[in-house]
Amino acid sequence: MIEKKIYYVWIGNAKKPDIFYKCLESWKKNLLDFEIIEINEKNFDMKTHLAKNRFFRECYERRLWAYVSDYMRVHFMYENSGIYVDTDMEIIKDLTPILEGKGNEFSKNGKMNFFIGYEDEKHISVGIFGTSKHNEVLKDIKEFYEKDIYILFIYDFKFRSICTKNYNRWSSTF
């Protein structure tokens, strides 16, 4: 079951852009009983992940914040349950019906365990997704970052491409 928690990633001490505050207000307005949690250097074990993962370390050292954020969201969301949203994602209505997943073929025991949408006909949209704790979908993506990212020939390290590649592998199980 996906908990009523909204997560977003913010790295560093830079001022958040105005669009973030507009979106944050939409989350508060439309997700009244959801907890909002920022994933950052204080609640993510940076030291361990920088030591164990070459890709994450190189992105962090080069200040490639989008890639750092991608890695952090996968690992953090794998260990937690809730909905991840990009900081520029506006929520226009309550997401509770999605979480309840009644009659939905993707739910388990009447509750949703994972959801994600498409950006276009070929790519997964990673600006918003919901997951239960230790979900197999995120486990595959997490393992890709830990094992395969430098082994497999990948010309596109964009998170949406990584998710789409992995989605194609496990989508037939739904």
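Reader: Which strands do the buried residues of α1 pack against?
Author: The buried residues of α1 pack against β1 (5-9), β2 (35-39) and β3 (82-85). Contact here means heavy atoms within 4.5 Å, and buried means under 20% relative accessible area, exposed over 50% and partly exposed in between, with a 1.4 Å probe and protein chains only. Helices (H or I, at least four residues) and strands (E, at least two) are DSSP runs, numbered from the N terminus. The model is predicted: local features need pLDDT of at least 70, side-chain atom pairs count only at pLDDT 80 or more, and totals for chains, interfaces and linings use all residues. Residues are numbered from 1 along each chain as its sequence is written, and side-chain values use heavy atoms, with hydrogens and water left out.

Reader: Which residues of α1 are buried?
Author: Phe20, Cys23, Leu24, Ser26, Trp27 and Asn30 are buried in α1. They lie on the same side of α1, because they cover an arc of only 160 degrees around the axis; the arc is that of the directions from the helix axis to the C-beta atoms.

Reader: And what does the face turned away carry?
Author: That face of α1 carries the exposed residues Asp18 and Lys29.

Reader: What charged end sits over the ring of Phe20?
Author: The charged end of Lys16 does, 5.5 Å from the centre of the Phe20 ring. A charge sits over a ring if NZ of Lys or CZ of Arg is within 6 Å of the ring centre and within 35 degrees of the ring normal. Likewise, the charged end of Lys142 sits over the ring of Tyr78, 4.8 Å from its centre.

Reader: Changing topic, how many aromatic pairs are there?
Author: The structure holds 15 aromatic pairs. In the pair of Phe56 and Tyr60, the ring centres are 6.4 Å apart and the planes at 35 degrees, so this pair is tilted. Rings of Phe, Tyr and Trp (its six-membered ring) pair if their centres lie within 6.5 Å; planes under 30 degrees apart count as stacked, over 60 as edge-to-face and the rest as tilted.

Reader: Where do Phe56 and Tyr60 lie?
Author: Both belong to helix α3 (residues 54-61), four residues apart, and are thus separated by about one helical turn. Phe56 is buried, with a relative accessible area of 0%, whereas Tyr60 is partly exposed at 27%. Tyr60 and Trp65 also form an aromatic pair, an edge-to-face one with 5.5 Å centre to centre and 75 degrees between the planes.

Reader: Which residues do ring pairs link into a cluster?
Author: The cluster consists of Phe44, Phe55, Phe56, Tyr60, Trp65, Tyr67, Tyr71, Phe144 and Tyr145.

Reader: How many salt bridges does a search of the whole structure find?
Author: The search finds 10 salt bridges, each being a side-chain nitrogen of Lys or Arg within 4 Å of a carboxyl oxygen of Asp or Glu. One of them joins Glu146 and Lys52, with the closest N and O atoms 3.6 Å apart. Glu146 lies in helix α6 (residues 136-148) and Lys52 in helix α2 (residues 46-52), so the pair ties together parts that are 94 residues apart in sequence.

Reader: What about Arg73, buried or exposed?
Author: Arg73 is buried, with a relative accessible area of 5%. The side chain of Arg73 meets Asp70 in a salt bridge at 2.6 Å, N to O, and Asp70 is buried too. Arg73 also forms a salt bridge with Asp86, at 3.5 Å, N to O. Arg73 lies in helix α4 and Asp86 in the loop between β3 and α5 (96-100), so this pair ties together parts that are 13 residues apart in sequence.
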